[in-house]
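Take a look, then read on.

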Amino acid sequence: MFENRDLVVPGDVLYEGRIKTGDNTHRTQGKVIATRVGLVDYNRGMVSVIALEAGFNPLVGDMVIGDVVDIELGYWVVNIDAPENAVLNVPEAIDAPFRSDIDMPRILDIGDTIVAKIVDMDRRRTPILSILGRGLGKLEEGFIIRITPSKIPRLIGKKGSMVNMILKETGCNIVIGQNGRVLIQGKTREQEEMAVSVIHKIENEAHIPGLTNRVQAYLSKLKEES
Amino acid sequence: MSKSKSRRKKKTEWKRYDDRKPEELRTLKIETGVLPNADGSAYIEMGRNKIIVGVFGPREMHPKRFSKPNEAVLRCRYHMAPFSTDPRRSPAPSRRDNEISMVMRYALEPAVFLERYPRSVIDVYAEILQADGGTRTACINAASVALVDAGIPMRDLVASCAAGKMEDNLILDLGDYEDKEGQADVPVAYMPKLEKVTLLQMDGILSTDEFEKCIDMAIEGCKQIYEVQRESLKKKYGVEEKEAEE
């Protein structure tokens with residue numbers, strides 16, 4: 001069998017017999033198999049796989065960055081890189097009930113990018129968004145890069161330690177969407193480029209221990225160069 | 001007459017056109033994560049085959065009426081580049097392309113947890129840059145690695161390999177020449193951990209006994225390919241690990 005934190009690929013048998021199964025595992029014929037590439041984790045009578053590659057699985061409470069793809073009567077359709085498009089209802093955008101004389105494209109037009117929060121899931125598990133709240137709403141400036149959604153927790157770090165470090169060192173404003181889109185707003189082009197290269201480094205090395213120290217060293221190296 | 005001829009052949013040891021042993025695979029190289037724009041990707045070199053596969057999704061399906069309410073749709077596209085063969089091949093999808101797209105889909109579907117993504121689609125695009133026989137098996141090998149690279153939950157990897165018969169000898173992993181000049185060709189796709197066959201085709205004439213031998217040979221080949229697939233997925237993370245330590 002495997003040791004803790006070994007790399008596994010789909011189909012690998014992680015355990016035979018009775019055990020609790022966690023993320024990215026599947027039980028068939030008394031065996032527990034991995035369903036994604038990742039690091040196996042045997043902890044407290046449970047076996048799970050920490051995925052290295054995974055799509056975005058929308059959950060209530062996630063902050064996401066998406067773009068408006070369609071306008072329907074009473075709601076906007078927003079692409080959030082999930083298996084399904086999300087819905088933003090008018091009352092969740094302007095804090096007023098929907099009236100047919102509201103000019104919806106004036107509030108949000110097709111192609112606009114928004115920072116939103118998933119507030120609910122409807123009966124077919126379509127995410128329902130809201131842009132009411134601090135830090136939410138239409139984006140006017142900055143640019144967006146995409147990373148693998150499964151690496152987002154490492155980019156944020158323990159209680160936001162990693163992202164705070166990048167904020168402090170680069171001087172950029174960074175908004176992280178749980179769906180893998182990261183907004184970067186810097187004062188200069190150099191600042192932004194620095195933030196991008198650091199984020200890509202985190203994405204590539206998220207599974208190797210000692211990440212925070214390495215990123216710290218990388219940041220100071222970049223600063224010296226500039 | 002023919003009997004004595006075949007006996008003499010056995011004495012002088014029949015050789016394949018590229019000096020491989022009968023049950024030897026072609027050189028195999030798989031690389032993952034080669035396309036930054038795709039959610040998952042893989043590049044395979046199987047003999048002189050060169051194929052690149054990109055996977056997108058699960059994402060919203062368009063046109064919507066083709067989506068299924070209870071599971072995701074796996075959409076495969078097998079396409080040969082005009083320069084992949086000599087003479088030039090028309091880039092328009094042919095009857096053969098459509099059929100191989102379908103065959104790829106049937107081979108991959110049992111390995112993917114489609115029921116987890118209702119009403120969405122997973123797109124698999126396979127582009128053959130250079131063709132050298134057995135492209136469908138190479139496509140399946142690369143596509144299953146690319147699906148894993150895209151973070152799509154899978155039951156197992158799918159490895160695929162052909163066996164066949166040429167000049168009365170059973171051989172594994174046919175190249176272009178053997179494919180065309182040989183007597184039979186049996187492509188097999190196999191899930192090594194689940195021990196299930198997901199694709200079985202046959203072209204040519206084989207006796208029942210030979211057919212069964214071919215399947216066994218192909219499954220052995222699939223198991224070897226599976227190890228290369230595993231290595232390619234591990235390499236993506238293993239190599240980076242070394243760089244970080246330096």
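Predicted model: local features only at pLDDT ≥ 70, side-chain atom pairs only at ≥ 80, totals over all residues.

Residues are numbered from 1 along each chain as its sequence is written, while chains are lettered from A and ligands numbered from 1 in the order in which they are written.

**Chain A overall**
- You'll find six helices and 16 strands in chain A; helices (H or I, at least four residues) and strands (E, at least two) are DSSP runs, numbered from the N terminus.
- The C-alpha trace of chain A spans about 65 × 55 × 25 Å along its principal axes.
- Of the 226 residues in chain A, 37% count as buried. Buried means that 20 or more other C-beta atoms lie within 10 Å of a residue's own, with C-beta atoms placed from the backbone.

**A helix pair in chain A**
- Helix α5 (residues 189-205) and helix α6 (residues 211-225) of chain A have axes that come within 11 Å and cross at roughly 155°. Axes are lines fitted to C-alpha atoms, for helices over the stretch in contact, and angles run from 0 to 180 degrees between N-to-C directions.
- So α5(A) is roughly antiparallel to α6(A), a label for angles over 145 degrees.
- Residues making this contact include Met194(A) and Val198(A) of α5(A), and Leu211(A) and Tyr218(A) of α6(A). Being in contact means that the C-beta atoms of two residues, placed from the backbone, lie within 7 Å.

**Nonpolar cores**
- A nonpolar core is a set of buried Ala, Val, Leu, Ile, Met, Phe, Trp, Tyr and Cys residues joined through C-beta atoms within 7 Å.
- The largest one has 87 residues, and Val53(B), Met104(B), Ala126(B), Ala142(B) and Ala143(B) have the most contacts inside it.
- Helix α3 (residues 135-149) of chain B gives the largest share of this core, nine residues.
- Apart from it lies another core, of 19 residues, including Ile65(A) and Leu108(A).

**Where the chains meet**
- Contacts link 27 residues of chain B with 23 residues of chain A.
- On the chain B side, α5(B) supplies the largest share, seven residues.

Conventions. Buried ≥ 20, exposed ≤ 12 C-beta atoms within 10 Å, placed from the backbone. Parallel < 35°, antiparallel > 145°, perpendicular 65-115°, else oblique.
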